[in-house]
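Here is a short report on one protein model and its ligand. Keep the structure open as you read.

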Amino acid sequence: MNQPKLGTQEPLGRRRLLAGAGAALLVAAVDGCSVGVLGAKRRAASAAPLQLAPLRAGIDRITQITVCTRPFRAQGPRLDVEQIGQKIIVHNYGHGGSGWSLSWGSSGIAVHKAMATGEREIAVIGCGALGLTSGLLLLRAGARVTLYAKDLPPNVRSSLATGLWTPDSRICFEDQATPAFKQLWASMARQSFQTYQTLLGLPGNPVEFIDNYFVSDDPNTLRRQSPTDTRPKFADLQRELIADLIPRREDFGPGSHPFNEHYLRRSTLMMFNIPAYARLLMEDFLANGGKIEIAEFHTPADFVKLREKVLINATGYGARALFGDESIVPVRGQLARTIPQPEMNYGLFYKGVSFVPRRDGLVFQVVGDDDYYGFNDDTAVPDRVEAELAVNTITGLYKPA
Ligand SMILES: Cc1cc2nc3c(=O)[nH]c(=O)nc-3n(C[C@H](O)[C@H](O)[C@H](O)COP(=O)(O)OP(=O)(O)OC[C@H]3O[C@@H](n4cnc5c(N)ncnc54)[C@H](O)[C@@H]3O)c2cc1C
């Protein structure tokens, strides 16, 4: 397949656009995510060169290496309702690499189902992205809510995510994305996107927009599954279903930016500063009358001890053990964080490594050549060599040619 060349202005036909979408364009491939585009703008030759703040990072400035598993399900998140004994369980788990991104929309669906039972005292199991948004939306719908979880932020998997709006990152396999699923996904993505707009410009910047640059040595390089790879493809939904939410990209050829002979493609992305954002969600939940109890459940039979009859199950990867749901596949991801640099306001992607300028620390991550990187790997041991590779790959861009 011919890929559009960086720096050309050729309009993309729909077929090529979708083919390009299949390429999981890595412009923003921070969580192995694809970011949809409507073709890139070429910069006018007369435009002033791009000015970018120099990065202050190095392996000596690594402050933390964290590892986490994305809860991937081939068929997408589980949102059905199940009766177990006297309890009605509304499931809300299995969001792959899109849990933060889809949280408001997905939890809105779960809350609607829980409220439809007529009960007004509702439990949420789990205090990650999905549990917190479920809890808040239940309160807003008029329910009394207790959130039960064995761990709270920052000790939940959600706290170890990259922090970008990547709503179709490892959300399901392409062959499982039925028309009904696509419709559901688009409504979750749109609902979440709109809710995130209400969280911009707040103290501590829980949510903000950043520019992100995909850097390549070759104008034709795109990150995608090789055509000879027979494994199922991950669904790539953004450009097909929510293209109107995606700003146009812009291309920068050699000489028009600070990175020597490289080719750059700029996109604009929404970023979550996860510590500030999780804290905001917790504070809002408690300030609105929500209650939190620390509790661990070993089997669904343990729910009998809860006074609530209706529960939203937002246990994420924990649902694999709790509900014996082996459709959840772990996808390992590791972040290396370095000391924060407040003036850094742009992200980078280069040679299978992403860099995200979060306020709580600069975040570096090897995301590999395609979305199978880390697939079916539940090892949680930090890998220092991988962390250093991530940092060195990005800092290497700033060395003189
Ligand atoms: C490296 C990496 C990068 C990522 N980047 C992004 C990104 O940029 N954007 C994005 O949208 N998504 C991203 N994700 C995906 C996102 O982090 C997940 O989809 C999301 O965190 C899932 O949230 P959750 O609330 O379902 O689960 P969790 O955060 O795992 O929360 C589960 C909660 O349930 C509780 N629990 C679990 N089991 C039990 C039990 N048996 N008893 C009691 N309590 C229990 C836990 O204590 C916790 O409170 C990334 C993931 C990884 C690993």
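Which ligand atom lies 2.8 Å from a backbone N or O atom of Leu164? A nitrogen atom of the ligand does.

## Basis of the model

The model is predicted: local features need pLDDT of at least 70, side-chain atom pairs count only at pLDDT 80 or more, and totals for chains, interfaces and linings use all residues. Residues are numbered from 1 along each chain as its sequence is written, and side-chain values use heavy atoms, with hydrogens and water left out.

A backbone N or O atom of Asp151 lies 2.8 Å from an oxygen atom of the ligand. A polar contact here is a pair of N or O atoms within 3.5 Å.

The ligand on its own has 1000 Å² of accessible area, and the protein covers 97% of that. Accessible areas come from the Shrake-Rupley method with a 1.4 Å probe.

## The shell around the ligand

The ligand is surrounded by 39 residues. A residue counts as near if one of its heavy atoms lies within 4 Å. The closest are Gly96, Ser101, Asp151, Ser158 and Leu164. By class, the shell holds 15 nonpolar, 18 polar and six charged residues. Ala, Val, Leu, Ile, Met, Phe, Trp, Tyr, Cys and Pro count as nonpolar; Asp, Glu, Lys and Arg count as charged; the others, Gly among them, count as polar.

At least two shell residues come from each of β2 (62-73), α2 (99-115) and α3 (129-140). β2 gives the most, with four residues. Helices (H or I, at least four residues) and strands (E, at least two) are DSSP runs, numbered from the N terminus.

Most residues other than glycine have a negative phi, and most peptide bonds are trans. The peptide bond from Pro153 to Pro154 is cis, with omega near 10°. Pro154 sits in the loop between β6 (144-149) and α4 (179-197).

Asn205 is not a glycine, yet has a positive phi of about 50°. Its loop runs between α4 and β7 (207-216). Asn205 is partly exposed, with a relative accessible area of 23%. Partly exposed falls between buried (under 20%) and exposed (over 50%), using a 1.4 Å probe and protein chains only. Asn260 also has a positive phi, near 50°. Asn260 lies in the loop between β8 (249-252) and β9 (263-272). With a relative accessible area of 27%, Asn260 is partly exposed.

Terms used:
Polar contact = N/O pair within 3.5 Å; in protein donor to acceptor, adjacent residues only side chain to side chain.
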